[in-house]
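Student: I should like to work through this protein with you. Could we have the sequence and the structure before us?

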Amino acid sequence: MPLAENPIVLDGSVELSKNDIGGKAWSIAHMAALGIRVPPAFVLPTSTCWAYLNGGMTLSEDSKRALREGIAYLEESLHRTFGRGPSPLLVSVRSGAPVSMPGMMDTVLNLGIDQVVEDKLAVEFADEAFAREVHCRFIESYGRIVLKAEVERTPQSSPKELTEQIANQVDRQVPTDPWEQLFGAVAAVFESWQSPRARTYRRHWSISDELGTAVTIQAMVFGNRDEVSGTGVIFSRNPMTGEGAPFGEYLSRGQGEEVVSGERTPQNLSRLAEQIPEVCRELLATASKLEKDARDIQDIEFTVESGTLYFLQSRVAKRSPRAAVKCAVEMAEAGWITREEALSRVSADQVKILLRPYLTEEYLVNAQIVAQGQPSCPGIAQGIGVTGADEAVARVGDGEAVVLLAHNTSPQDLHGMIVSSGICTEVGGSTSHAAVVSRQLGRPCIVGCGNEELSALEGKFITVDGFNGVIYVGVDWLPKAKIDEDPDLSTLLAWAREVAPIKVSTPDVTTNFLDLDLQGITELDQVVSYVGDRRQVRSTLFETLEGIEAAMNIEGIEIVTEQPLVALLMAMEVANKRSSQR
C-alpha cells in the first residue's frame, strides 16, 4: 500500500525521512531507536495531509482505517482500550512539519474521554479530581482547536459547564464518541497547516508551503497525575548565551502546552532536582546523550508521570544569535563539527544583530528602571512601547522602532513580533512562546515582568536590556558594537576569510578604494561597467544577497565594508545555493 494509507509505528525499527513523517514523529522514532523512554506512538505522514486538503477537506476511508490500525497498536502495546474501561487509553494528536515551526500548528490532548471514561479513570487511579481535570482539559482543548470556540476553563469548571459554554458559542457539541473525536482532531491539525499564523511563519522563514504536516498520535502520559508528576522543557545547553550547562524549566503537576504557552510561570530544574533527584539525573544524562548524537543543541520536551520520566520530543534548538555564534565556535574547536559547518550555522543576519547597539554605564546616567523580569534573549532593543501586534506593524510601517509589550504572546502575535525591536511579557518563563520565538528572531526579550507591570510603558521610548532583564526609560540612542571586541566573532571572521569565495577588507586598512555610493551608483546593473579595472570597491549595494552575488561575478573584486563577516557569510550562502542548483 502507498505510505499515505498506512499508520507508521514509531518504535525505532524503521527510519523514515522528516519530509515523510515530520520532525516530531522522526524525533520519537529516533529516541526509541536510541533506547530512550518514549510513550508509544504512530503517525499519519505528510502525504495524508495533502490528500485531505486536496480531497474536499474530508478524511478518506483509507485514512480512517489507518487511524484504527494505529490505535489498535497502542492498545496492544499498553494493554489499554480506546474509549472504554477498565483501563482507558487516552491519546494526544500533534502536528509535525518536516521543519520545526514551534507553536504554529495545533495539538489536542487527553483525547478519548467522555463521562464513562472519566469514571473509569477515577476508579483506576483512585482520584476523582484528577479524572475530572483530564476530562475538562480535553473539552477545553477540543473546543478551542477543533470547534474554534473561546473556552475559559477554571479549576472549578465541570465538563458539563464547559460543554455548554462551547455549544452556546458555536452551536456544536464536543463529541463523546472517541472515534469522532479522533477524526475531528486529525482534520483540525491538517487544516492548521493553512492557518494565517502558520502561513506568516513560513513566509518569514522562507519555508515551502508544499511540505505539509504529519499528524502524530501518541499515548498520553500525565504530568498532572500527582505530586511526583510534571512537565518541562530542557535545553542541552543555554539557548540564550550558548554556555554549556543544561538549561530548563519544570512545572509540577502541569501538562502539555502549559510551559510553552506561558500560561503558568514554571520553575527552573532545581525544583525537579529537589523533588525527584533520580529523575533529574536521568533527564540531564539523556539531554547530553541527545546533544552528542545530534552534534547540536537540543530542545527537549518531557513529562514525568508518578516518578517515571518520558521524552516527548527532541529537536535542534532555536537559539539567540549570541548562542548560535558561541556554540558554533565551541563545537568546531571541540572537533564535533568542521569549521565550514560552524560557519553554516551562523547567518549574516545573526551577526548583524550582534553588532547592534550596546549598553554601557555611561549611557545609564539618566536612566530609570521601570520594569524587570527574566532575560530570555540577550541583546539591547530600543523603541516605542506598544501593546498590540497590529499596532506594532502599523507603527513600523510609519518608520518607528517599537518594543512589543504583552501579558503573554501566542502564535497569533507573530506578525507583530517579527517587526518589533524587542519583546517583553508580564508572565511566562524562558521556554514560553515569547522566549522561544524571540530567540529564533534574534529579538531581545524579557519575560515574567509581573502582572500589570508593562501597560504603563505604552507610548514611551524604552530600552530593553535582554542581557540582564531590565527595562529603562531615559536612555538615548546607543552606538553599535565592534567585531574585534568579540572573540567568537573574530574567530568566525578568521575562518570565513579562509573558505569564503570572495575577499573583503575594511575601510580602516584599505584607503585607495572605489566608493560607488559617492559616485551615485544605485543599481546593480551599473556596477560591472563602472568598476572597470578597479578591484577594491565599496557600495551599500553589497549589503544584500543580490549585491554579493553580483560582486562574485566580477573577477578579482575585493569588497570594502565595515561588516566583513556579514559579507563573507552572505558570499558563502550564495555559493551554497549555486552548488545545490547544479
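Student: Which residue just after α6 takes a positive phi?

Tutor: This is a predicted model, in which local features need pLDDT of at least 70, side-chain atom pairs count only at pLDDT 80 or more, and totals for chains, interfaces and linings use all residues. Residues are numbered from 1 along each chain as its sequence is written, and side-chain values use heavy atoms, with hydrogens and water left out. Helices (H or I, at least four residues) and strands (E, at least two) are DSSP runs numbered from the N terminus. Just after α6, a positive phi of about 55 degrees is taken by Asp171.

Student: How far apart are the end C-alpha atoms of helix α6?

Tutor: The expected span of a helix is 1.5 Å times one less than its number of residues. Helix α6 has 12 residues, 159-170, and should therefore span 16 Å. The prediction agrees with this, since the end C-alpha atoms are apart by 17 Å.

Student: Why do the buried residues of α6 line one face of the helix?

Tutor: Buried means under 20% relative accessible area, exposed over 50%, and partly exposed in between (1.4 Å probe, protein chains only). The buried residues of α6 are Pro159, Leu162, Thr163, Ile166 and Ala167. They line one face because, seen down the helix axis, the directions from the axis to their C-beta atoms fall within an arc of 135 degrees.

Student: Which exposed residues does the face of α6 turned away from its buried side carry?

Tutor: The buried side is covered by elements that include α4 (115-125) and α5 (128-145), where contact means heavy atoms within 4.5 Å. The face turned away from that side carries the exposed residues Lys160 and Asn168.

Student: Which residue in β19 does Ala381 stand opposite?

Tutor: Two strands pair if DSSP finds at least two bridges between them. Strand β15 (residues 380-386) and strand β19 (residues 461-465) pair in the antiparallel sense over five bridges. In this pairing, the residue opposite Ala381 is Val464.

Student: What is the handedness of the β-α-β unit that β15, helix α15 and β16 make?

Tutor: Strand β15 runs parallel to strand β16 (residues 402-406), joined by three bridges, and Ile384 stands opposite Val402. A crossover is right-handed if, with the strands pointing away from the viewer, the path from the first strand over the helix to the second runs clockwise. The unit, with helix α15 at residues 389-397, is right-handed.
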